[in-house]
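Colleague: Hi! Could you walk me through this structure, one question at a time?

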Amino acid sequence: MSKARLFVLRLVVVAMVATLVGRLWFLQVVSGAEYVRAAADVRIRTVPVPPVRGQIVDVAGRPLVTNRTRPVVTVDAVALAHQPDGGRAVLERLGEVLRQPYRQIAEKVRLCGPEVAQPCWQGSPYEPIPVAEDVTAQTALQISERQQDFPGVRTELRPVRVYPFGAAAAHTLGYVQGAKGRDGLEGVYDRELAGRAGRRDVAVDNTGQVTRTLRQDPPVPGNTLVTSLDSRIQTIAEQAVARALTTSGAKSGAAVVMESQTGRLVALAGLPAYDPAVWTDGVSAREYKRLPLLSQAVQGEWAPGSTWKVASVAAAANAGYGLGAFYDCPSGYTVGNRVFRNFASADLGLMTMHGALVQSCDTIFYRLADQLWERGSEALEKTARGFGFGKPTGVDLPGEAAGAVPDRAAKKALWRATREESCRRAAKGYPEMADRGRAAYLTAIAKENCRGGGEWRGGDAANFSIGQGGVLVTPLQLARAYAAVANGGTLHSPRVGMKVVRPDGTTVETITPPVAGRLPASAETLRFIRNALSQVPKKGTAEGAFKGFPFGKVAVAGKTGTAESFGHRDTSWFASFAPDPAYTVVVVLSEGGRGAEGAAPAARDIWEGIIGLRGRR
């Protein structure tokens, strides 16, 4: 090779090396920061792939909550965010097709955050958000064929929750909304029902757009929750409460059916209710505000009235009072400067504690409470707590109310917390109150509490003894207490869940209601109470409601309760149990009137439905 050619070759090589070095210098030094930012802007996002959720079934295996595949319209929130107007035009066009207002769809697809109120989407922003389910084939086709008008909108087949019994047991079953919204059994047993989510790893660019899928693992379906609920009895209880609301004019109501020996819940009915299917494709803010989300059976609290007297009788026995001794039941009993009267000021003469329960004599209990108060005894309060009142039962449902068992300490604390308001009312009175007599009475109490107060007096004890004066219970608490009376004294922590079963039919877990304690009453006292309560539907305050009832088929025992509620009609109660079938049935009607006229007939309906006799009388 000539020297000239060798020189040219060297020159070319040097030029190429210089070019490469220059390019490397440009990329690493001049543009290095830009490329580092670009590389950093490419991220991997993991999107959960939801599994098919497990069923919830009743004790006989009948589905209470199941799944069905339906066409669902979904929206990609990230794709909408890249629209010039944030996706408003797309959602408006979608609203026209779905016949939903723009605002309703927009609320469903907005992402939840610290300052974003419900309703909103609680899942991943990279997960398709359902906005309409069970759409027609024509609607799905219209969206699919006009993708240029609906960027980020898709139609796909998805499993959605289905509630075969509609609103029945709605508060107990609960709901699922998005990735995190849960309530009822759906929330408590979410880990068992949810299964294991799959995953999809996607690459997204610096604008949030998904560029490709990197990895995908399939989900594992959820387990089935078998409950102790009996859908037949649940329906009977729901219908009985609904009829009672209509006939009594009550505002709300509840019924509890429990296995007395085990603490398993057979039915939990509460009205008003709603169909939980409303959550399937999301709810608007207006719909959310209208939903009756309170579980009347578990979260509703009312004064129990005379159903409370089973605890007072046990307290009397514990304090040394003879249950078979005779006590006077006059029309009224004076405590301090106030006369406390029987219902309708009835003078019932001499009777034992048996008669006090059967005829529901108040004045015997007023005298008992007054005497215990004078001795400084807290037997009434202590026994009531021993019956499980004043604290949650521990049922496997969320948001359970605790009720209230007032006492000296609680009254003192309340007085301290409200003294400032009492002094304001002492000076101002109650000019807004139409009942001037009531206004004057409340003003006098305010003046007394302003000067000094918070003392537990004989009148407080008297009200306490008959389930008034700040005493509050839930229907579930009362049912548990009466079930314990029926079974010999065992208090259970009630359970709805019975067992968890895998998709292949094998049992994962058996759920047993734990024992929470024992009633503070001897076996002899409990037999005495059961015997007295067996006469209430036959010869006592519930005789009219149970006239002609087949006691030979089911020996129902029970107690009526009528509780005063200031400014409202009385609260109506009936608590009952039977040895065979060994159920406890409790009914409450808010503003339902007397227990014998509202709740007792509803309880009879439930018992007759249980044994297959409803509608024959």
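Colleague: Which residues of helix 14 are buried?

Modeller: Happy to start there! This is a predicted model, where local features need pLDDT of at least 70 and side-chain atom pairs count only at pLDDT 80 or more, while totals for chains, interfaces and linings use all residues. Residues are numbered from 1 along each chain as its sequence is written, and side-chain values use heavy atoms, leaving out hydrogens and water. Helices (H or I, at least four residues) and strands (E, at least two) are DSSP runs numbered from the N terminus, and buried means under 20% relative accessible area, exposed over 50% and partly exposed in between, with a 1.4 Å probe and protein chains only. In helix 14, the buried residues are Thr363, Ile364, Phe365, Tyr366, Leu368, Ala369, Asp370 and Leu372.

Colleague: How many Å does helix 14 reach from its first C-alpha to its last?

Modeller: Helix 14 covers residues 363-374, which is 12 residues. The expected span of a helix is 1.5 Å times one less than its number of residues. For helix 14 that expectation is 16 Å, and the reach is close to it, at 16 Å.

Colleague: In what order do the 5 strands of the open sheet stand?

Modeller: Two strands pair if DSSP finds at least two bridges between them. Strand 12 (265-271) and strand 21 (557-565) each have a single partner strand, so they stand at the edges. The pairing is antiparallel, and the order is 12-11-23-22-21.

Colleague: Over how many bridges do strand 11 and strand 23 pair?

Modeller: Strand 11 is joined to strand 12 by 6 bridges, and the two form a hairpin with 5 residues between them. With strand 23, strand 11 also pairs in the antiparallel sense; there, alanine 255 stands opposite valine 587. The count for strand 11 and strand 23 is 8 bridges.

Colleague: Why is strand 11 largely enclosed by the rest of the structure?

Modeller: Helix 19 (residues 475-487) is one of the elements lying across strand 11, and helix 10 (residues 231-248) lies across strand 11 as well. Strand 11 is called largely enclosed because of how many of its residues are buried: 7 of the 8.

Colleague: How many disulfides does a search of the whole structure find?

Modeller: A disulfide is a pair of cysteine sulfur atoms within 2.5 Å. Cysteine 112 and cysteine 120 form one, with sulfur atoms 1.9 Å apart. Others join cysteine 329 to cysteine 361 and cysteine 423 to cysteine 450. The search finds 3.

Colleague: Which helices hold cysteine 423 and cysteine 450?

Modeller: The link of cysteine 423 and cysteine 450 is right-handed, with 100 degrees about the S-S bond. The pair ties together parts that are 27 residues apart in sequence, because cysteine 423 lies in helix 16 (residues 408-428) and cysteine 450 in helix 17 (residues 436-451).

Colleague: Last one: which residues does asparagine 318 touch?

Modeller: Asparagine 318 lies in helix 12 (residues 309-318) and, at 46% relative accessibility, counts as partly exposed. A polar atom of its side chain lies 2.8 Å from the backbone oxygen of proline 520. Contact means heavy atoms within 4.5 Å. Not counting residues up to four places away in sequence, asparagine 318 touches Thr383 and Pro520.

Key:
Axes are lines fitted to C-alpha atoms, for helices over the stretch in contact, and angles run from 0 to 180 degrees between N-to-C directions. A polar contact is a pair of N or O atoms within 3.5 Å; within protein, one must be able to donate a hydrogen and the other to accept it, and residues adjacent in sequence count only if both atoms are side-chain atoms.
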